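Reader: I would like to go through one model feature by feature. Please give the general idea, then the case at hand.

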Amino acid sequence: MSIQGIPNMLNGSMHYPPETSSIMLMARMVATVKQAQDKCCWQKLFFQFCSRAANEEEEIAHKLLGEKFQGHLTLLQTLFTTALYNDHLNMWFTPEGFLTLFALVGTNEQGIGTSSLSQWLHACDALELTSQQREQLDSFIDQLYKDIERAEFDLSPQTGDFLNCETSGLFLLQSSCNHSCIPKAEASFPNNNFLLHLSALSDISPGEEICISYLDCCQCDRSCHSRQKILRENYLFVCSCPKCDSQMDELDLTSSSSDDMEEEITDV
């Protein structure tokens, strides 16, 4: 099953540096409403996206609320307001409204682009190999991802979270899919454009919920602790999918090492 042609409410025709994709998407949201004849219609569409910055019930706050981001957010809000303020959208330009807008983009934006590495990995999955050859290939791929992650921790500009992302957009239908670490479908851009394809990864029965993974391939293969940490900080929920439930009590040495590495970088 493939849901093709899911419309992208917002995308950019320019290739901005990946670090600016979120703020540029926010700017395009403001510009879209300002230029639209029916401004209320667009506002209602944007309000359909999840935009909370905290989950009071689970006592989880978005990582954007962390102290290390406060100065950056204040500066961004000031610059954003100076450049784009509009009376019709005044709720987005207050400190609280700007944080909500930032949370909306951070939670719902979908990276758009293709990755040579991702295409190569899919091709590897399709290879007919002996058990020994598959084990050797899997070992090589694991080491490759470790090298990529190490480069990210070394603050290398070549790799990191934006490995598979050239720009970003908002897709209303795709963003309504819940998460599972064992997803039933995945989003892709096979035509190398802004048209998102949602394709089934396994059989889906009539009436069965279609879940996707909010994590990339590398993150999905990490330990339960690591996956839960990413989901709590970025999406404000604790995953209770079958994979997480079955791994909840497992010893987590890999994640401890990763957390230690992150702490060392923070202290530098």
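The dialogue below goes from the overall fold to single residues.

Author: Note that this is a predicted model.

Reader: How many helices and strands does the chain have?

Author: The secondary structure comes to 11 helices and 7 strands. Of the 268 residues, 36% count as buried. The chain exposes about 16000 Å². Carbon and sulfur atoms supply 53% of that area.

Reader: Among contacts between residues at least 6 apart in sequence, what share joins residues at least 24 apart?

Author: That share is 69%.

Reader: Take H3 by itself. What span should its 18 residues have?

Author: At 1.5 Å a residue, H3 should span 26 Å. Its end C-alpha atoms are 26 Å apart, so the two values agree.

Reader: Against which helices do the buried residues of H3 pack?

Author: They pack against H1 and H4. Leu-73, Gln-77 and Phe-80 are buried in H3.

Reader: Next, charges. How should I read a salt bridge?

Author: Side chains of opposite charge can pair when their charged atoms come close. Here the count comes to 2 salt bridges.

Reader: Where in the chain do Lys-184 and Glu-208 lie?

Author: The side chains of Lys-184 and Glu-208 meet in a salt bridge, 3.3 Å from N to O. This pair links distant parts of the chain, 24 residues apart. Lys-184 is in the loop between helix H7 (172-175) and strand S6 (185-188). Glu-208 is in the loop between strand S7 (196-200) and helix H8 (217-220). Lys-184 counts as partly exposed, at 22% relative accessibility. Glu-208 counts as partly exposed too, at 30%.

Reader: With which residue does Lys-229 form a salt bridge?

Author: Its partner is Glu-233, and the closest N and O atoms are 3.1 Å apart. Both residues lie in helix H9 (residues 224-235). They are 4 residues apart, about one turn of the helix. Glu-233 is partly exposed, with a relative accessible area of 28%.

Reader: Now the rings. How do I describe a pair?

Author: A pair of aromatic rings is described by the distance of the centres and the angle of the planes. The structure holds 10 aromatic pairs. Trp-42 and Phe-46 form a tilted one, 5.9 Å centre to centre with 40° between the planes. They are 4 residues apart in helix H2 (residues 39-47), so about one helical turn separates them. Trp-42 is partly exposed, with a relative accessible area of 25%. Phe-46 counts as buried, at 0% relative accessibility.

Reader: Why is the pair of Tyr-214 and Phe-237 edge-to-face?

Author: Their planes stand at 85°, and over 60 counts as edge-to-face. The ring centres are 6.1 Å apart. The pair links distant parts of the chain, 23 residues apart. Tyr-214 is in the loop between S7 and H8, while Phe-237 is in the loop between H9 and helix H10 (242-247). Tyr-214 counts as partly exposed, at 23% relative accessibility.

Reader: Which residues do ring pairs link into a cluster?

Author: Phe-80, Tyr-85, Phe-93, Phe-98 and Phe-102.

Reader: Last, the backbone. What should I expect of phi?

Author: Most residues other than glycine have a negative phi. Leu-236 has a positive phi of about 65°, although it is not a glycine.

Reader: Where is Leu-236 found?

Author: Leu-236 is in the loop between H9 and H10. Leu-236 is buried, with a relative accessible area of 2%.

Conventions: Residues numbered from 1 in each chain as written. Predicted model: local features only at pLDDT ≥ 70, side-chain atom pairs only at ≥ 80, totals over all residues. Heavy atoms only, no water. Salt bridge = Lys/Arg side-chain N within 4 Å of Asp/Glu carboxyl O. Helix = DSSP H or I, 4+ residues; strand = E, 2+ residues; numbered from the N terminus. Buried < 20%, exposed > 50% of the residue type's maximum accessible area, 1.4 Å probe, protein only. Phe/Tyr/Trp six-rings, centres within 6.5 Å; stacked < 30°, edge-to-face > 60°. Contact = heavy atoms within 4.5 Å. Areas by Shrake-Rupley, 256 points an atom, 1.4 Å probe, with all protein chains shown as cover. Expected span 1.5 Å × (residues − 1).
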